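Let's walk through this structure together, one site at a time. Keep the sequence and the 3D view open as you read.

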Number of protein chains: 2
Amino acid sequence: MKINLNKHVTIRPDTSQRRLLLSVMQEAEKHLDAKELYRRASEKDASISLATVYRNLHVFKEQGLINERHLGQARCFYEMKRLGEHQHLVCESCGQVTEFESPLLNKLIDEVQRKNNFFVTKVELYLEGYCHKCKEGKR
Amino acid sequence: MKINLNKHVTIRPDTSQRRLLLSVMQEAEKHLDAKELYRRASEKDASISLATVYRNLHVFKEQGLINERHLGQARCFYEMKRLGEHQHLVCESCGQVTEFESPLLNKLIDEVQRKNNFFVTKVELYLEGYCHKCKEGKR
DNA sequence: TGTTTGTTGAGATTGATTTTCATTCTCGTC
DNA sequence: GACGAGAATGAAAATCAATCTCAACAAACA
Ligand SMILES: [Mn+2]
Ligand SMILES: [Mn+2]
Ligand SMILES: [Zn+2]
Ligand SMILES: [Zn+2]
């Protein structure tokens, strides 16, 4: 289910749409889905197309500029890649997304790679449950 | 985006469609998506509807009989729940799905719950990369 | 037996994503 | 400066999984 990006093609690194989309991604304080990225980009360039958003999300992903995340929903969310991997905690009740890191995860992955003779290129740990507030409310 | 199953309704536990769907799930040697479950069930009862497959996947999930998994694709896969949690390794190249367990994961989750004051109800660790065979082939 | 309530099949609908296609842009060459 | 090839774009159509609607059906039970 990959988009048809024709691998034998040189990607032009810099178009006004790409610059706009990247700047919106960078300014974003949280994870954006394609539609929200489109909405925000449209405010600055009303003519941009949703197809261009999707196409460039693929390009950015291939270039390693952004991460694609699955946060419970069917649709994907995107965020700029940063130093240090992190994973997500999603509250079933209020939808709040919390980020966390743990050195244990790397340890786990090392072990899994060794035991299964597998080379890991992508890690996604998704935890769902109840956040601080919603946990209280449940009582 | 939940299906409308009307919570204040008593679920009738045993219909011929449910029995059929569960038996197909049990016989399955690997993870099935809704369409594949539908295809296999249709072989035994040509009149079964895809809507019934989806409806009952929700029922089985609520009853804790099956697990829903996200294996890279947008669509979901399902498998019978078994003793002992396990997670998945998916080969980017050949698509092979390998299952694994690690006690480190529980340790990690304990830590995350404590540090973030969060109550975890669902865990999904998805690792993608290259399996034994495909790793070799790459050289 | 008649009523109530849960279930089903078929088909329509939704929502996210991808593709198609005609047009436009970029950039190196003449 | 015109040109040509390749890459990118906008708009709209197509795809695909998942969900919903609704009339018919079946089980439970009064
Ligand atoms: Mn994040
Ligand atoms: Mn499994
Ligand atoms: Zn919450
Ligand atoms: Zn492989």
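At 29% relative accessibility, B:Asn117 counts as partly exposed, where buried means under 20% relative accessible area, exposed over 50% and partly exposed in between, with a 1.4 Å probe and protein chains only. This is a predicted model, in which local features need pLDDT of at least 70 and side-chain atom pairs count only at pLDDT 80 or more, while totals for chains, interfaces and linings use all residues. Residues are numbered from 1 along each chain as its sequence is written, chains are lettered from A and ligands numbered from 1 in the order in which they are written, and side-chain values use heavy atoms, with hydrogens and water left out.

To find B:Asn117, look in the loop between α4 (103–116) and β6 of chain B; helices (H or I, at least four residues) and strands (E, at least two) are DSSP runs, numbered from the N terminus. Its phi is positive, about 50 degrees, although B:Asn117 is not a glycine. Most residues other than glycine have a negative phi. In chain A, A:Asn117 sits in the loop between α4 (103–116) and β6, with a positive phi near 50 degrees. A:Asn117 counts as partly exposed because its relative accessibility is 29%.

Now turn to the metals.

For reference, four donors count as tetrahedral if all angles lie between 85 and 135 degrees; four count as square planar and six as octahedral if opposite donors are over 155 degrees apart and all others between 65 and 115; anything else is irregular.

In chain B, the manganese ion (ligand 2) is coordinated by residues including B:His31 (NE2), B:Glu79 (OE) and B:Glu99 (OE). B:His86 and B:His88 also coordinate ligand 2, each through NE2, and both are buried. The site of ligand 2 is irregular, with angles of 51 to 179 degrees among its 6 donor atoms.

Finally, what about enclosed space? A search of the whole structure finds 3 cavities of 30 Å³ or more. On a 1 Å grid over the protein atoms alone, a cavity is a set of points where a 1.4 Å probe fits but cannot get out, and lining residues have an atom within 4 Å of a point. The largest cavity has a volume of about 200 Å³, volume being the space filled by probe spheres set on the points, which are joined across faces, edges and corners. Of its 13 lining residues, the closest to the centre are A:His70, A:Glu124, A:Tyr126, B:His70 and B:Glu124. The second largest cavity has a volume of about 50 Å³, and its lining includes A:Glu79 and A:His86.

Methods. Donors are N, O and S atoms within 2.8 Å of the metal (3.2 Å for Na, K and Ca); water is not among the atoms, so sites may look incomplete. On a 1 Å grid over the protein atoms alone, a cavity is a set of points where a 1.4 Å probe fits but cannot get out, and a pocket is an open set with protein on both sides within 12 Å along at least five of seven lines; lining residues have an atom within 4 Å of a point.
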